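Here are a few exercises on helix packing and surface patches. Grab the structure and work through them one step at a time.

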Amino acid sequence: EGKRGQDWINLVLAICLFLSPWISGFAAETMPAWNAWIVGVALGALALATLSVFAEWEEWVNLVLGLWLIVSPWLLGFMANANAMATHVILGILVVAASAWAVWDVHHPHAHA
């Protein structure tokens, strides 16, 4: 079985997330910046691991990390920072979508063959 496009997507999203505090201008804000860096590193590590040896649990962890990104502005209290909030929510939705797609692929291997 070949490499899944979703894992490359998650790797790109992880890099975007990691760079987002500088790109979106919230690197000086401790909570959203560190959240982006930590989750970005975790997503990147999972994507690289999945690209070498696929394991379905990694996609489920990605899904949870994506959901965390979506709710973290409210749980960590940085929803007032529009750039940080939008970055986390949008990238979270994309991570959830890519991970859900990967999990769906595992259970429907011939759906697009």
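**Exercise 1.** Work out which hand the crossing of α1 and α2 has.

*Solution.* α1 and α2 cross in a left-handed way, meaning that the near helix is turned anticlockwise from the far one by less than a right angle (clockwise would be right-handed). Keep in mind that this is a predicted model, where local features need pLDDT of at least 70, side-chain atom pairs count only at pLDDT 80 or more, and totals for chains, interfaces and linings use all residues. Residues are numbered from 1 along each chain as its sequence is written, and side-chain values use heavy atoms, with hydrogens and water left out. Next, the geometry: the axes of α1 and α2 sit 8 Å apart, at an angle of about 160°. The two helices are therefore roughly antiparallel, a label for angles over 145 degrees.

**Exercise 2.** Find how α3 packs on α4, and what residues make up the contact.

*Solution.* Start with the axes: α3 (residues 56–75) and α4 (residues 82–107) lie 8 Å apart at about 160°. So α3 is roughly antiparallel to α4. Their crossing is left-handed. Now sort the contact residues: 17 are nonpolar, seven polar and two charged.

**Exercise 3.** Locate the nonpolar surface patch and say which helices supply its residues.

*Solution.* First, the members: Ile-15, Phe-18, Leu-19, Trp-22, Ile-23 and Val-41, together exposing about 600 Å² of accessible area. Patch residues need over 30% relative accessible area and no salt bridge, with nonpolar side chains joined within 5 Å; a salt bridge puts a Lys or Arg side-chain nitrogen within 4 Å of an Asp or Glu carboxyl oxygen. Areas use the Shrake-Rupley method with a 1.4 Å probe. Then assign helices: α1 (residues 5–23) gives the largest share, five residues, while Val-41 belongs to α2 (residues 30–52).

Conventions:
Axes fitted to C-alpha atoms, helices over the stretch in contact; angles between N-to-C directions. Helix = DSSP H or I, 4+ residues; strand = E, 2+ residues; numbered from the N terminus. Parallel < 35°, antiparallel > 145°, perpendicular 65-115°, else oblique. Nonpolar A, V, L, I, M, F, W, Y, C, P; charged D, E, K, R; others polar. Patch = residues over 30% accessible without salt bridge, like charges linked within 9 Å, V, L, I, M, F, W, Y side chains within 5 Å.
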